[in-house]
Amino acid sequence: MPVFRVALDLPLHRLFDYLAPETASRDDAGLRVRVPFGRGERVGVIVDVVAGSDWPPEQLKPAGEVLRDLPPLPPDFFALCEFASAYYQAPLGEVILQALPAGLKRRDSPKRRAARPPPPGEPPRLPELTAEQAAAVAAIDVPGAFAASLLHGVTGSGKTEVYLRLIERGLATGRQTLLLTPEINLTPQLEARVRARFPQCTVAALHSELAEAARERNWRAAFTGEADIVLGTRLAIFTPLPRLGLIVVDEEHDPSFKQQDGIRYSARDLAIVRAHQAGVPVILGSATPALESWANAASGRYRLLQLTERANRQAALPAIRILDTRRLPLREGIAAPLLAAISERLARREQSLVFLNRRGYAPVLACPACGWVSHCRRCAANLVLHLADQRLRCHHCGFEQRVAKTCPTCGNQDIHAYGRGTQRVEEWLQDEFPAARILRVDRDAVKSRKQWETMLDRIHGGEAEILVGTQMLAKGHDFPLLTLVGVLGADAALHAADWRAPERLFAQLMQVAGRAGRAELKGEVIIQTQFPDHPLFAALAAHDYAAFADSQLRERQQAGFPPYAFQAILRAEAPQMTDAITFLQAAAALPEVARHGAVQLYDPVPMRLARLANLERGQLLAESASRPALQTFLPAWRAAIESIKTPAKLRWHLEVDPLEF
Ligand code: ADP
Ligand code: ZN
Ligand code: ZN
């Protein structure tokens with residue numbers, strides 16, 4: 001009796017056996033199938049067709065209809081899912097099913113629709129490559145065997161042009177390219193550029209903001225080989241591509257390539273694995289590579305390709321000036337030289353950007369009389385004051401309430417907003433420059449892709465003389481009139497407890513600095529800090545990523561941090577912290593831990609945000625100098641943890657290669 005081994009979207013580390021029809025064959029592997037489960041029915045994926053089951057035949061239920069509207073998912077799709085499942089300790093069924101668009105997981109899948117035919121267009125005119133670009137393009141074989149390259153290029157050095165040339169070569173030989181980008185919504189220009197360059201080709205976008213039907217249509221176009229270029233966010237890494245010839249990961253340092261819930265995979269790291277499995281080249285591109293990637297380039301695992309100059313000769317890199325705020329009087333957090341610089345830009349009809357990575361009006365509201373503070377009642381965090389709509393809002397759990405006029409504890413009418421966010425800076429700059437047109441750009445002002453496109457149009461249309469914005473503005477946009485970037489609030493990240501904070505700060509400041517002076521106008525960046533002698537600023541002022549990265553890597557090596565150690569983190573959440581910690585202690589005391597001496601466990605501790613949405617959260621860090629040792633330990637440990645008896649409301653998960661603690 002043939003048996004289907006079926007992957008189901010369940011948090012269980014096994015496949016499910018069902019009796020297959022007599023006519024079933026190995027060719028059915030990769031097809032979707034309806035199967036009875038519990039009292040209902042589910043759609044799963046046939047991973048294998050075998051002659052018999054380990055289960056007694058009378059316990060097996062017959063499988064339902066095999067869905068044949070799609071060709072079978074190919075072996076390389078399963079190979080990648082199996083790798084991700086094993087590496088990230090995630091159930092194979094969950095990995096496989098999350099990789100499929102929602103429509104394909106429903107019992108009645110919608111009718112197949114063809115992808116839109118490509119619109120006819122003008123053949124674009126190509127810029128002549130710079131010598132560095134030409135060398136990078138020549139160094140990568142498309143089509144070719146597996147090779148990982150790190151394309152390190154300063155902002156505006158023409159990395160995208162390099163990708164486009166390589167995609168073109170792939171197209172000429174009938175290969176598909178998978179182009180991953182952190183957040184398509186923030187970079188509609190990239191999509192527009194790709195479409196404009198290859199008007200004769202089918203470009204399929206895959207990201208979470210697409211409507212379900214569009215996402216399924218694009219996924220199908222990729223899977224059937226109709227799409228030539230797949231442009232997607234991290235979830236696109238799993239898309240089956242029959243003609244795959246090249247993988248590009250743009251802005252490869254961006255933390256959003258790491259999924260932070262469900263299956264906690266890194267799409268960047270999976271891109272390397274996938275390219276290796278498929279035997280195709282992969283390029284990681286960034287102005288500020290992740291230190292992991294930089295270390296891989298230094299050790300020779302990745303080939304390093306550098307673009308040290310801007311592609312547009314006239315667009316010199318901006319001058320970076322550090323303002324020592326210990327010696328300067330501040331008004332509303334802004335020092336006089338920055339205000340003067342903004343005034344100059346206004347007089348010259350150029351644009352300024354004030355960068356502050358904190359939205360809202362003020363991070364906290366408090367009563368000086370009795371000490372009341374606007375805490376979130378569900379989290380170990382403060383409610384942020386949003387004056388624009390008179391709300392106090394938790395940026396962690398979304399809880400919100402009206403702003404009280406008086407102190408809720410003592411009735412004091414004189415409660416204060418402490419610190420500042422983008423709304424407050426906007427308001428104050430408006431008072432200071434009443435005639436200036438100011439646009440605030442943050443997640444409160446821009447909630448959808450449509451709004452973002454409108455905002456970009458307004459900025460490009462010269463509708464704003466001053467922009468006040470968060471990191472939304474930092475990513476790959478060309479604003480030709482923008483010649484000044486002022487940075488506020490950088491110090492918070494400089495001395496954060498998180499040892500990755502300097503890496504993120506440097507990347508962010510490089511990105512935002514890269515916005516200044518993209519065209520003929522020279523740019524200037526002014527950074528306010530109380531720590532002007534910090535080496536991070538010296539490297540930044542010299543536009544010297546390598547100096548910064550090398551010094552960070554030395555520190556990490558001395559401290560034994562990644563990439564010189566490999567980590568996994570076990571997190572638990574429960575209504576009571578004691579339950580979470582007791583569980584973590586039990587996990588640390590398992591015999592599997594003693595059996596794997598090359599893996600070290602730290603003490604269970606509360607997480608930095610110890611309470612989120614009424615749940616207390618603890619964590620336990622496991623670390624090893626050897627990745628294989630950690631990878632051998634994790635499945636044994638995970639299986640043993642699964643047998644720990646836990647209180648009903650306790651939830652736990654394991655994350656491999658965590659970015660946040
Ligand atoms: P990056 O991706 O490194 O930020 P882009 O590829 O977006 O850089 O290039 C920055 C700007 O320079 C763009 O306006 C692009 O059209 C232009 N550009 C890129 N390569 C060249 C080149 N070889 N000659 C002239 N302009 C170029
Ligand atoms: Zn009070
Ligand atoms: Zn909250």
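Gln89 is found in the loop between helix H1 and helix H2 (92–98); helices (H or I, at least four residues) and strands (E, at least two) are DSSP runs, numbered from the N terminus. This is a predicted model, in which local features need pLDDT of at least 70 and side-chain atom pairs count only at pLDDT 80 or more, whereas totals for chains, interfaces and linings use all residues. Residues are numbered from 1 along each chain as its sequence is written, chains are lettered from A and ligands numbered from 1 in the order in which they are written, and side-chain values use heavy atoms, with hydrogens and water left out.

With a relative accessibility of 7%, Gln89 counts as buried; buried means under 20% relative accessible area, exposed over 50%, and partly exposed in between (1.4 Å probe, protein chains only). Its side chain reaches the backbone oxygen of Ala86 at 3.0 Å. Apart from neighbours within four places in sequence, Gln89 is in contact with several residues, among them His13, Leu634, Arg638 and Val656. Contact here means heavy atoms within 4.5 Å.

## The nonpolar cores

A nonpolar core is a set of buried Ala, Val, Leu, Ile, Met, Phe, Trp, Tyr and Cys residues joined through side-chain atoms within 4.5 Å. The largest such core has 123 residues, and those with the most contacts inside it are Ile96, Ile237, Phe238, Leu509 and Trp637. Helix H1 (residues 75–88) supplies the largest share of this core, 7 residues. A second, separate core of 25 residues includes Ala136, Ile140, Tyr163 and Ile184. In soluble globular proteins, nonpolar side chains tend to be buried together.

Leaving out residues up to four places away in sequence, Ile96 touches Ala7, Val45, Val47, Phe77, Phe78 and Cys81. Cys81 is buried, at 0% relative accessibility.

The zinc ion (ligand 3) is coordinated by the SG atoms of Cys376, Cys379, Cys394 and Cys397, at 2.3 to 2.4 Å. Donors are N, O and S atoms within 2.8 Å of the metal (3.2 Å for Na, K and Ca), and sites may look incomplete because water is not among the atoms. The angles among the 4 donor atoms of ligand 3 run from 104 to 115°, and the site is tetrahedral; four donors count as tetrahedral if all angles lie between 85 and 135 degrees. The donor residues of ligand 3 are spaced C-x2-C-x14-C-x2-C in sequence. Within this set, Cys379 lies in the loop between strand S17 (364–366) and strand S18 (384–386), while Cys394, 15 residues apart from it, lies in the loop between strand S19 (391–393) and strand S20 (400–402). Both Cys379 and Cys394 are buried.

The zinc ion (ligand 2) is held by the SG atoms of Cys367, Cys370, Cys407 and Cys410, at 2.3 Å. Its site is tetrahedral, with angles of 103 to 115° among the 4 donor atoms, and the sequence spacing of the donors is C-x2-C-x36-C-x2-C. Cys367 is buried, with a relative accessible area of 2%, whereas Cys370 is partly exposed, at 37%. The structure holds 0 disulfides, a disulfide being a pair of cysteine sulfur atoms within 2.5 Å.

## Gly64 in its loop

Gly64 lies in the loop between strand S4 (40–50) and strand S5 (66–67). This residue is partly exposed, with a relative accessible area of 29%. Gly64 and Pro36 are 28 residues apart in sequence and 7.2 Å apart in space, C-alpha to C-alpha. Not counting residues up to four places away in sequence, Gly64 touches Val33, Arg34, Val35 and Pro36.

Definitions and conventions: Four donors count as tetrahedral if all angles lie between 85 and 135 degrees; four count as square planar and six as octahedral if opposite donors are over 155 degrees apart and all others between 65 and 115; anything else is irregular. A polar contact is a pair of N or O atoms within 3.5 Å; within protein, one must be able to donate a hydrogen and the other to accept it, and residues adjacent in sequence count only if both atoms are side-chain atoms.
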